[in-house]
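This report looks at pairs of charged side chains. The structure is shown first, and the pairs are then taken in turn.

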Amino acid sequence: MKRYNKYTFLLQIILSSILFSCGNPEKKEETKNITYSEHIAPIIYQHCTNCHRPGAVGPFSLISYKDVSKRAKLIRFVTETRFMPPWPADNTYTHFIDENVLSAEEINTIKKWVANGSPIGDSTKIPAPPLFTDGSLLGKPDLVIQMREAIKIKGNNKDLFLTVKVPYEFSKDTFVKAIEYVPGNAKLVHHLNGHYIKYEFDKKKNVYEGLNIVNSDEFTPMEVFKQLSVTNDDGTFPVLTPSAVNYLPGVSYTLYPQGIGGFKFNRKGAILLNNIHYGPSRIDTTDNSYFNIFFGNKPERPTMEMQLGTLGISQIIPPLLIPPNEEKTFYTQTKALMDMSILTINPHMHLLGKSYLAFAIKPDGDTIPLIRIKKWDFRWQYFYTFTKPVIIPQGSIIYAYGTFDNTKNNPFNPFTPPQQVSDRSGSMKTTDEMFQFIITYLPYKAGDENIDLRRK
Ligand code: HEC
């Protein structure tokens, strides 16, 4: 009898709490008041429509009430699980510009709105959707460089990774402050990492020789560069400015505040996309992307780049060899040889990546957090720019840790059953692995810690 009572008691508590939450007039009122017009549209416009609009990378538009309401439950799911918006970096660890993360409150607002049948509310209160330009986000360019030929994308529903050379000849040497990439096919271009190659006038007769486009998954980097005829006429390599232009949906250029960054732009040169990643397409199509070049003054403080791990200055420990059916963690480290002001970082792994952590330990033992990615997603390879430069004192040790999941539980594992995977001396092939940490920095100057790197 006693037991029975206890259970009824418990049951009553549960029931009454359910009744309470349903019957509580205040709560109901609050949920009812959540409407698309006043609460949901602003969240979607701020966090989603830069990718979910006609012509952009998202698989559908989320501009109108109809677009959003018919996918209400799916939106609730992708926001609750934080699958969308895609922002792999953990914002409880460090902050970056353009950070796109929903607050717990915003997620809850979406949840309540869906639970209440996704009402539109007073449609006159829907804010104006944000304006997007298809051309330049930076204004009128001084020069536009087109790709030499349209890139052909087969309708085979597979990712495509290409290395592309975009050569040019101009009337004189000058300086550039930014190169902006404008995707021709924004639905498919998923990411791009581009370097700038500067040819000395006499060292390369014909900048246009060689192929323009090579499939990076089919050749070693050396073979790729040979086919693209990247070298000078005497076989030596020209000077390369790494990461001169990067692109991810929503992030199309790097422009630091006045005086920082920029480089010399020679009469002869090329943009080397190493590489460009197209998402799967069901139909045969093409891409005619182009580059907007913005001239500037001679840079006062050119940025420097340091690359740890694969093809970089520091070894991976142990060597990057991931046995099948295992999860394995690797690290790489380097010592800061001067006081550094870190501007931008880029963690890089491929399909087996699982999580990533980078930080520095100062000579006095303090830790400086850099980035934590709890759930690696190879599709979202952001270059993360800090809101203010992060100062790393000379003698600090910079560490990057990468964990790889080579089990069948990893949905991106390209092999069934899992196979041993390694970095095969810097192969760019997606099915080989890479473990890199790329740092863009300046030699420290007093006051750097106060520079606001948010450009907008
Ligand atoms: C940076 C670009 C970007 C942003 C920002 C973004 N999405 Fe997406 N979204 C995508 C892409 C690309 C896909 C296709 C799946 C993939 O590649 O991961 C997608 C897929 C989806 C899907 C379909 C998921 C499925 O499994 O079918 C939904 C729903 C969605 N997004 C909702 C949102 C919402 C809601 C927001 C804002 C809170 C948002 N997205 C922000 C790019 C974006």
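## What counts as a salt bridge

A salt bridge is a side-chain nitrogen of Lys or Arg within 4 Å of a carboxyl oxygen of Asp or Glu. Side chains of opposite charge can pair when their charged atoms come close. The model shown here is predicted, and the structure holds 10 salt bridges.

## Lys204 and Glu209

Lys204 and Glu209 join their side chains in a salt bridge, with an N to O distance of 3.2 Å. Glu209 has a relative accessible area of 30% and is partly exposed.

## Lys264 and Asp173

A salt bridge also connects Lys264 with Asp173, where the closest N and O atoms are 3.6 Å apart. This pair links distant parts of the chain, 91 residues apart. Lys264 lies in strand S8 (residues 263-265), while Asp173 sits in the loop between strand S3 (160-169) and strand S4 (174-182).

Lys264 is partly exposed, at 32% relative accessible area. Asp173 is partly exposed as well, with a value of 38%.

The side chains of Arg454 and Asp452 form a salt bridge at 3.1 Å, N to O. Asp452 has a relative accessible area of 35%, which makes this residue partly exposed.

Which residues are linked in a network of salt bridges? They are Asp90, Arg372 and Lys374.

Notes: Residues are numbered from 1 along each chain as its sequence is written. This is a predicted model: local features need pLDDT of at least 70, side-chain atom pairs count only at pLDDT 80 or more; totals for chains, interfaces and linings use all residues. Side-chain values use heavy atoms; hydrogens and water are left out. Helices (H or I, at least four residues) and strands (E, at least two) are DSSP runs, numbered from the N terminus. Buried means under 20% relative accessible area, exposed over 50%, partly exposed in between (1.4 Å probe, protein chains only).
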